[in-house]
Amino acid sequence: MKLLVTHEIYLRRCTELATMGLGHVSPNPMVGAVLVHQNQIIGEGYHQQFGEAHAEINCLNSVSADDQLRIKDATLYISLEPCNHFGKTPPCTMAILQAGIRKVVVGSLDPNPMVAGAGIRHLRENGIEVIEIKDHQEAGLLNRRFWINQTLQRPYLILKWAQSADGFIGQPGKKIAISNAYSNRLVHQWRSEEDAIWAGYRTVLNDNPRLSTRLIPGRSPQRVIYDREANLDKNLAVFEQSVRMHYYHSMAESSKGIFLNPSDYLSALLKDLYAKQIGSVLVEGGASLLFELFQSGYYDEVRVIQSQVQLHQGVPAPSLTHDLILQESFNLGGDDIQIYTRRQSQTCYS
């Protein structure tokens, strides 16, 4: 039991490190690694940028000159199974073997078919003791986007809205500020952490949003728009060309964007985004799009901002479904923030 607790402590540190890659490593998973010698951390690292060194490599490179001789007697903790194939970088299993490490503790298997146990198997075949902590739930939750990508072959979908104290998300034809300045900055932080942002036709038309991260330092997500009749004014802010736009419509005669059959546009749109390595999408409404995604079952996470503003009338906020599990709840300057994950989606990564 004591040893298991020790493993959990160091895997938790791996998870903390891995989180620092959020918004920078997709479509890869977030991974952290810690090298421990006689209960002392001598190296740490995480996957910092897509296409660059993985967590294990950064961890080994962080070991000081004085600790180099301790590497072969140290235990390597990794939040996710090491890769065993050549991609943009060489296999991490190769680096582990070359370093002379004899013991590895892994927080989660990799669902990628190119890995899927092959990394652990290769290490064991070469005489390395590998311990799998199969019930380390933090590892699965950390990479829930990646697990949905690999198992369902579509982006991870986060539905987000702000609602008034009396349950409305706006009023027809009006641009109304519901959330406060602190929540607005949080939303921009959320945007920077996901690959793409999707706003519905009426939201784009009525609010003319920029869908950027202008309130914080950080990259703006790619934009997704489904303009069924291909008639949105191209001078609207979302068509500004500083970030990539994924523009879809259902007008066969239009030469711009990608045509989708309106009877099945959601699945086709998500399939196309997945093919373009969009691993996660933050959906910011409006009401019609949110309701349609709920009804179609295309959602994995829900984030609700409830303000103290009273609207008295307007467009009702979506009703939360019974399969949502509250993961986090906090108050931000008077706004109540709730973050839920979907029970059905959790079966893919827990």
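1. The largest pocket is lined by 48 residues, and those nearest its centre are Thr203, Asp207, Glu284, Gly285 and Gly286. A pocket is defined on a 1 Å grid over the protein atoms alone, as an open set of points where a 1.4 Å probe fits, with protein on both sides within 12 Å along at least five of seven lines; lining residues have an atom within 4 Å of a point. The space in this pocket comes to about 1400 Å³, a volume being the space filled by probe spheres set on the points, which are joined across faces, edges and corners. Two or more lining residues come from each of β6, β7 (168-170), α7, α8 (201-207) and α10. Helices (H or I, at least four residues) and strands (E, at least two) are DSSP runs, numbered from the N terminus.

2. The model is predicted: local features need pLDDT of at least 70 and side-chain atom pairs count only at pLDDT 80 or more, while totals for chains, interfaces and linings use all residues. Residues are numbered from 1 along each chain as its sequence is written, and side-chain values use heavy atoms, with hydrogens and water left out.

3. Arg191 belongs to helix α7 (residues 181-193). Is Arg191 buried or exposed? Its relative accessible area is 8%, so Arg191 is buried; the term means under 20% relative accessible area, with exposed over 50% and partly exposed in between (1.4 Å probe, protein chains only). The side chains of Arg191 and Glu284 are joined by a polar contact of 2.8 Å. Such a contact is a pair of N or O atoms within 3.5 Å; within protein, one must be able to donate a hydrogen and the other to accept it, and residues adjacent in sequence count only if both atoms are side-chain atoms. Leaving aside neighbours within four places in sequence, Arg191 also has contacts (heavy atoms within 4.5 Å) that include Ile197, Leu211 and Pro221.

4. The largest nonpolar core has 29 residues, of which Leu159, Trp161, Trp198, Leu269 and Val302 touch the most other members. Among the elements giving two or more residues to this core are β6 (156-163), α9 (265-275) and β13 (301-306). A second, separate core of 22 residues includes Leu35, Ile120, Leu123 and Ile128. A nonpolar core is a set of buried Ala, Val, Leu, Ile, Met, Phe, Trp, Tyr and Cys residues joined through side-chain atoms within 4.5 Å.

5. Strand β1 (residues 32-37) has six of its six residues buried. Gly32, Val34 and Val36 point one way, and Ala33, Leu35 and His37 the other. In the antiparallel sense, β1 pairs with β2 (residues 40-46) over six bridges and with β3 (residues 75-78) over four bridges. Two strands pair if DSSP finds at least two bridges between them. Leu35 has Gly43 in β2 as its bridge partner, and Ala33 has Ile78 in β3.

6. An open sheet of nine strands has mixed pairing and the order β11-β10-β9-β8-β12-β6-β13-β16-β15. At its edges stand β11 (258-259) and β15 (324-332), each with a single partner strand, so one side of each lacks a neighbour in the sheet. Within the sheet, β9 and β10 (residues 245-249) run parallel, joined by four bridges.

7. Helix α6 (residues 144-152) is largely enclosed by the rest of the structure, because seven of its nine residues are buried. Among them are Phe146, Trp147 and Ile148. Just after α6, Gln153 takes a positive phi of about 55°.
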